[in-house]
Structure formats: C-alpha cells, structure tokens
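Me: Got a model open here and would like to go through some local details. Can you take questions as they come?
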Amino acid sequence: MAVAGAALAATSVESANVVGYQKGTTVDGFNFIAAPFSTVGYNTTDIQQIKLSDDGAGAIGWGGEEFGIWEGGPSVVEGSSFLYYDPTMDPNGEAKDYYWGDDEGNPVSYSIAAGQGVVIGGSADLDMSVAGQVPAASGLAFTSVEGFNFTGNAFPEEIDIQDIAISDDGAGAIGWGGEEFGIWEGGPSVVEGSSFLYYDPTMDPNGEAQDYYWGDDEGNPVTYSIAGGQGVVISCASDLAISIVAPYEASAL
C-alpha cells in the first residue's frame, strides 16, 4: 500500500559514500516528514538541508512557510519554530539563497535528531527536497513521550510498518490497544487507511503471531509501506522504547 502526501519519495542516491537527495510536493497546511539524509559526517540533519521552491514564482519566503518540531499534546518544542525566507530578507545581507531563519530573519543552524519528525507548514504544490548523507544502517532507537510521538522513515528507501517496534522491557503493559500509528497531513488529519494499533502476539485472531505487531481494528497483522522521508505519528505512553529497522545493510551502501 503506497502512502500519499508529503513523503519525499523521488530518490537519487549518488555513490556510496553515500550522498543523495529526495524530493516531494507539499500539501496545503501541515506536512509531516522525517529527514532521510543527515549532514555529511554527522548523524543529525541541519535545518538548512530542507529546501522549498515554487519554481521561481516568488510567492514563498515572506513568512508563509513554517518549520517546527512537535511532540506530546501535540505542541511545538520550545526553540524549534522557524520561518522560510527569501534571501533579500537576511538582515545581514549575506544570504545567497532561500533559508530558514528566526523571527527577525537571521539565518539559523538547527540540528534535527535522527528519526525526529518535522512539521513544515505552508501552501500546496511547493517542491520540497532534502539532500545529504545516507543514514547509517544501524537503525534508529528513541524513548517515547506521553501522547503523540512524531517520527518517521528517516531513510531514503521504503520500510514496512512492522519495521517499527515498541517495547516496555517485558512489563506486559503494551499491545492491548493503547499504542496507535497514523500518517498525518494537512489539517492535520489522519490519512485514510493509515490508522493501526499495536498488538500483543496473543491478540492475533489467526494465532500465528510470534511477536508484537501492528494490526487493523480486528487484530489482523498488516503490511503497510512507509515511503522514504514520510513522517508518522505514534501515540503511546511515555518511557517506551521505539525502534526502527533500517531498510538496508551496511554492506549494501
């Protein structure tokens, strides 16, 4: 099942020391992505690696395009709110291209953690791209907050929903309908057909599950493709271990 929306699905990977880029097209409102390339030599992505374009129409860069990191409520993480600017807006007169900046127009450097979901607000049909180094094949791991966790496929290749796992270290409190998955866009609203629950293996009506799994409302395990750069939202309790398996091995890079 393919995912629509703001996923950065068109990929070019240039070598394998492994730099490349992905492109996508925005929807009107909020676009939820995960940066599929890191800054060369680092495991984070700088905000300036995310580029927007209206193909030279001149309608962007005047305060209508916003960046934010969301979590919990959801609410914007303090210090993570920025605007996209036309180079003429740089108060220092040094910008040569469009850039992300603070409320006063100053260009910023802001590191996006591996696997961190990013929210880009703006109008529809803008070109959005991310360039950089292909992330390591070691996968991703982080600890949940209570409420909404904004993450995603932070790799330049497709993954399946079952590549995302949740653990409470054997406490037995997860897998009974309290952990939810969704793709958000626009309003924000949940993309039709993208809402799933996390289940204990005993919940499989077919009696075949050997481990925790994502399933539909009736408990059936699902296959659901998440495009490279697609942001996802996982709703759960705090202090759970969430991991995402990389879609490639180190030997393949």
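Me: Is phenylalanine 32 buried or exposed?
Reply: Phenylalanine 32 is buried, because its relative accessibility is 3%. Buried means under 20% relative accessible area, exposed over 50% and partly exposed in between, with a 1.4 Å probe and protein chains only.

Me: What should I know about the source and the numbering?
Reply: This is a predicted model, where local features need pLDDT of at least 70 and side-chain atom pairs count only at pLDDT 80 or more, while totals for chains, interfaces and linings use all residues. Residues are numbered from 1 along each chain as its sequence is written, and side-chain values use heavy atoms, with hydrogens and water left out.

Me: How many aromatic pairs does the structure hold?
Reply: There are 22 aromatic pairs. Rings of Phe, Tyr and Trp (its six-membered ring) pair if their centres lie within 6.5 Å; planes under 30 degrees apart count as stacked, over 60 as edge-to-face and the rest as tilted.

Me: What do phenylalanine 32 and tryptophan 70 form?
Reply: An edge-to-face aromatic pair, at 5.5 Å centre to centre with 80 degrees between the planes. Phenylalanine 32 sits in strand 3 (residues 29-34) and tryptophan 70 in strand 7 (residues 70-72), so the pair ties together parts 38 residues apart in sequence. Strands (E, at least two residues) and helices (H or I, at least four) are DSSP runs, numbered from the N terminus.

Me: And tryptophan 70, buried or exposed?
Reply: Tryptophan 70 counts as buried, at 11% relative accessibility.

Me: How are the rings of tyrosine 84 and tyrosine 98 arranged?
Reply: That pair is stacked, because the planes are at 10 degrees, with the centres 5.9 Å apart. Tyrosine 84 belongs to strand 9 (residues 82-85), and tyrosine 98 to the loop between strand 9 and strand 10 (99-101), 14 residues apart. Tyrosine 84 is buried, with a relative accessible area of 1%.

Me: Which residues form one aromatic cluster?
Reply: Phe30, Phe32, Trp70, Phe148, Phe150 and Trp184.

Me: What about the seven strands?
Reply: They form an open sheet in the order 8-7-15-24-18-21-22, with antiparallel pairing. Strand 8 (75-76) and strand 22 (213-215) are the edge strands, each pairing on one side only. Within the sheet, strand 18 (residues 176-182) and strand 21 (residues 196-199) run antiparallel, joined by three bridges. Phenylalanine 196 in strand 21 is the bridge partner of phenylalanine 181.

Me: Which strand do seven bridges join to strand 2?
Reply: Strand 13 (residues 127-133), and the two run antiparallel. Glycine 20 is opposite glycine 132 in strand 13.

Me: Last one: where is alanine 114?
Reply: In the loop between strand 11 (111-112) and strand 12 (117-122). Alanine 114 counts as partly exposed, at 44% relative accessibility. Apart from neighbours within four places in sequence, alanine 114 is in contact (heavy atoms within 4.5 Å) with Asn43 and Leu140.

Note on methods. Pairing = 2+ DSSP bridges.
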